[in-house]
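Me: I'm new to this structure and would like a close look at a single part of it. Could you walk me through one spot and show how it sits in its chain?

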Amino acid sequence: MKTARETFNPASYALSHLKNNPFRSVTMVLILSVTIAFLLLVGSIYIGITMEVGGSKESNLWNAPGSIDMFEEFQIDEGLPEEVQNTMLNWLFFTSFLIMMVAIFIIYNTMAIAVEERKKEIGILRAVGFSSREVMRVFLIEGAFIGILSWIVALFFGTPLIVNLAAYLIKEGQKGLFFVQPRIPVELAIVSLLGSIALCTVSTYLACTGTVNKAAVDLLRVE
Amino acid sequence: MRGDRRAPGLGKDRMAKRMGGRSLGPLGYIIKDAWRKRSRSVLSLAGIASLSFLFIIFSSMDEGLDRYFEEREDDVGIPSDEEKALDSLRGTMNSWNYLITGLCLGLMVLVVANTAAITVIERRVELATLKALGLTSRQVSSLVLGSMFVIIYGGIAAGTLLGLAFVPLLDRVEFTLWGEGIGFPMAIDLSMILAALAIGTLAGIIGMIPPLLMVSGPNPAEVMKNV
Amino acid sequence: MSEGPFIDAVNLRKSYKVGGNRVKALDGFSISLDEGEMCALMGPSGSGKTTLLNIIGGLDSADSGTVMVGNIDVGKLNERQRALFRKKNVGFIFQFFNLIPSLTAMENVLVPQMFESGRSGGRAEELLERVGLRDRMDHLPRMLSGGERQRVAIARSLINDPKIILADEPTGNIDSETAKAIVSLFKELNDEGKTMILATHDRLVAGRARTMVRIRDGRVQRGKRPPGQGTIHLKSGGE
């Protein structure tokens, strides 16, 4: 006979939670994917600069699908002077940092509300015998899943979108928005995946840790 | 009924406690509610403030470049290295500005939608009670809208002020983490502030649509049944 | 004094969809009350008590049947009119109190007048005094006991001086001592001329009402009268 513990699958439980709250899940994924796309962009520019200063036309291991080769398209022969590139990059990093902060705020906020809404549910789980760690695992899986999903959306939709948007702006007569061809090497992709998962998981952990560790009695009380 | 009132002063408005002088307006409700949920409100506010800060900084960079070259319009002669460097950046800067602005707007909409949805969901029973007590859907919606706009405008005010404060500090400051860099000229223009407000308002309007639909939708009776 | 019944609900039917099933909450229910009557509505859980109160108060609308309150056909009002109708004429009291957690007792009493200009703090204070909570006026709900919260809710329901009070399990979450005080309060209000419908399990509450109606499965429970002939009022023993 299967005990509750044996049939309890934290992954499916977490997924069903996400499915049941489409609005919240979607906004979280959107915010995160925009953030990640932006970070990917900045990262790729950084790599482009430090590895091949001035912009090389070699194709690399990964070109985000749908993106275009800036230099070919617009015949940009020379990039910007070095100091300018450095400074721009500086600003971009700063911007990315801020945007990352915003994303963390939102994930934290959203997960904290979700947790509070489910206080009764968590209380029941705890009362039935699940340890706080097991309950936490459910939430962490939720967070990780959001992180992975956002990364996928960012990589396949976000970055090309931004690059093409930039191309559109360039056509308006401005000179190179991108002083190097943005590329996303595999290393960057992997790093961003891990980063995304880490970001979400940590935010979720912080949001949940208070409630999940409370005793079942406290959680089930009707105020 | 006049006389000494020595009620325990737990409320913030001790001063308002006069005989029959008290009333509760929608603004009072909004503020009290925001205060109670202050950690959440602060997070959302911080998110919006960061975005408007970003917007101000980048706009000022753009503006600064424009002014820099305006000043030098009449100059004839060999452009300095600095000038050359900045010139190359001009077109780029404009485009970046558009991009950042779009980004800020988009993210702000998402932040607003997120926070508003959270507010409405959390307070489902409370809002249904208000309807039961005779407040119309429109009045209840205005309460939700009001509390959101307090956060939005508060965030924008904070971010904008902070940004404006930083601009003179960062003006022409050279800094990079690696190698050499150049300092950007940065300047402030009134249009930036107005733009920030406009973005916030727009974000508020767009972001509030789904939650407002949620508020006016269900019957208060149905909601309370599920308690 | 109005001619005929003050609250007249005829042949109400209402069903909900819960999950995938259609649940019949009211199945041809009728009730008729004069002004100033105090009626206890007794029935098991799920019998439709709450639904009936909601429909009479205009919070919900029946699928068929009519509800007349005074000379107003509640069923024909649109949502906005119903809200105003509620505000002016009906005081609701809930089982779980439903106070606003971020507001003090005094402010909770003032909630129905949130959008009206003019200061009625004095009236709110009077009402709190009447329910015996003047010294707790600035306390938040979480600092009040169940009985105290319900009393605040009662004060709140009275702020607009409604003619009708609808109470859904008012003593459901309260200890018996406090419940007695609350029932006395209800009796007082009734003596002042308010029409009251109290949905309850509590015999204590039912005992004090002049009229009692039993409801089961959305219908008036058949008594000695032959079926299909209007409403049934079962007089309870003892006042």
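Reply: Let's start with a term: helices (H or I, at least four residues) and strands (E, at least two) are DSSP runs, numbered from the N terminus. This is a predicted model, where local features need pLDDT of at least 70, side-chain atom pairs count only at pLDDT 80 or more, and totals for chains, interfaces and linings use all residues. Residues are numbered from 1 along each chain as its sequence is written, while chains are lettered from A and ligands numbered from 1 in the order in which they are written.

Chain C has seven helices and ten strands. Its C-alpha atoms fill a box of roughly 55 × 45 × 40 Å along the principal axes.

Now zoom in on Arg134(C), which sits in the loop between α4 (121-130) and α5 (146-158) of chain C. Arg134(C) counts as partly exposed because it has 16 C-beta neighbours inside 10 Å; buried takes 20 or more other C-beta atoms within 10 Å, exposed 12 or fewer, and partly exposed is in between, with C-beta atoms placed from the backbone.

Who does it touch? Leaving aside neighbours within four places in sequence, Arg134(C) is in contact (C-beta atoms, placed from the backbone, within 7 Å) with Glu125(C), Leu128(C) and Glu129(C). Follow Leu128(C) and you'll find that, not counting residues up to four places away in sequence, it also touches others, including Ala105(C), Met106(C) and Val109(C).

As for Ala9(C), it is 125 residues from Arg134(C) along the chain, and their C-alpha atoms are separated by 38 Å.

Conventions. Contact = placed C-beta atoms within 7 Å.
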